[in-house]
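This briefing covers a pocket, a helix, the nonpolar cores and a cavity. Please read it beside the sequence and the 3D structure.

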Amino acid sequence: MKTIRNQLNTRRTELEHYCDTITRGESNLDNVLSNMVIDITHGISWCPIYKAASSTWMKHFATLGGVLTETAMELIRRDILQINTIVRKAFPRMVLQKLNKTKKFLIVRHPFERLVSAYRDKLEHIQGRDYYYKRFGRHIAHKYHKYRQPNETKIEPTFTEFLRFIIEEKYFDEHWAPFVDTCEPCLIKYNYILKFDTFDRDQQFLIQELGLSDYLYEKGDLKNINPRGVTTAALVKEYMQNVPRSVLDEINKVYETDFKLFSYLPL
């Protein structure tokens, strides 16, 4: 436990150090507060970063809020109800003063791993993802298809096209928006920074540290993983190997602050 605590303290110290070296533009604090889940009763607040264990903690907060009923679980399984909908109702927006009375945490993931996960889940296949194809996929494929290889004939955008879209248009959905914009970690002092690559260990420490073990328990089968399978490091490498170096360099710039603040290495 002492080793884990020291590592978490180091993450926070490194974050504070890099925050002192960067200049942020207009604050996004109001939007961040609207996005956060603030549980005054249990003294814990979370800034959700989608594609970084967000489904797990939506389930945890639904449990803490007493809204994960059998009826709700059945509706969620049938895709009639979204778990984040009941969580938002259980924990309506709070003011900053309330937030500061809680222990705050966020979960981060290597930006490239998160990009691959978002692409595979939302844009790689149109089946079951009509909303994302209509909102993003069709536009991306149409505008950036000129860069395709002759054998790339699918109607969905390629991964490289997805990256070019982010680079050129800077249009961020919640599943690939930079951490720094989603959670404003230089304005909000997070007590715990969990990482996806050590998630099970970090999460167990947090739950024990905050005395939540008696509240959080396994309930049903609401695991919401990518239907295409888990995005592993090997898969990330596979997707990245066909991306031109110039595109990687540009996408590194887009997420440069995230890399620095959370001690990730760019590709």
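Residue classes are set as follows: Ala, Val, Leu, Ile, Met, Phe, Trp, Tyr, Cys and Pro are nonpolar, Asp, Glu, Lys and Arg are charged, and the others, Gly among them, are polar. By these classes, the lining of the second largest pocket holds 6 nonpolar, 5 polar and 7 charged residues. The model is predicted, with local features needing pLDDT of at least 70 and side-chain atom pairs pLDDT 80 or more, while totals for chains, interfaces and linings use all residues. Numbering runs from 1 along each chain as its sequence is written, and side-chain values use heavy atoms, without hydrogens and water.

**Second largest pocket**
- A pocket is an open set of points on a 1 Å grid over the protein atoms alone, with protein on both sides within 12 Å along at least five of seven lines; lining residues have an atom within 4 Å of a point.
- The volume of the second largest pocket is about 430 Å³, taken as the space filled by probe spheres set on the points, which are joined across faces, edges and corners.
- Its lining has 18 residues, of which Glu152, Thr158, Phe159, Thr160 and Asn242 are the closest to the centre.
- Two or more lining residues come from each of α9 (159-169) and α12 (233-240), and α9 gives the most, with 4.

**Helix α9**
- Helices are DSSP runs (H or I, at least four residues), numbered from the N terminus.
- In α9, 9 of 11 residues are buried (under 20% relative accessible area, 1.4 Å probe, protein chains only).
- These buried residues, including Arg164 and Glu161, pack against α7 (111-122), α8 (130-144), α12 and α13 (245-254).
- Lysine 170 follows α9 and has a positive phi, near 50°.

**Nonpolar cores**
- A nonpolar core is a set of buried Ala, Val, Leu, Ile, Met, Phe, Trp, Tyr and Cys residues joined through side-chain atoms within 4.5 Å.
- The largest has 50 residues, and Phe159, Phe162 and Ile166 are among those with the most contacts inside it.
- α9 supplies the largest share of this core, 6 residues.
- Another core, of 31 residues, lies apart from it and includes Ile4, Leu68, Ile107 and Leu206.
- Beyond four places in sequence, phenylalanine 159 is in contact (heavy atoms within 4.5 Å) with Leu115, Val116, Tyr119, Tyr239, Met240 and Val243.

**Cavity**
- A cavity is a set of grid points where a 1.4 Å probe fits but cannot get out.
- There is 1 cavity of 30 Å³ or more, and the largest cavity has a volume of about 40 Å³.
- Arg12, Leu15, Glu16, Cys19, Pro185, Lys189 and Tyr190 form the lining of the largest cavity, with 4 nonpolar, no polar and 3 charged residues.
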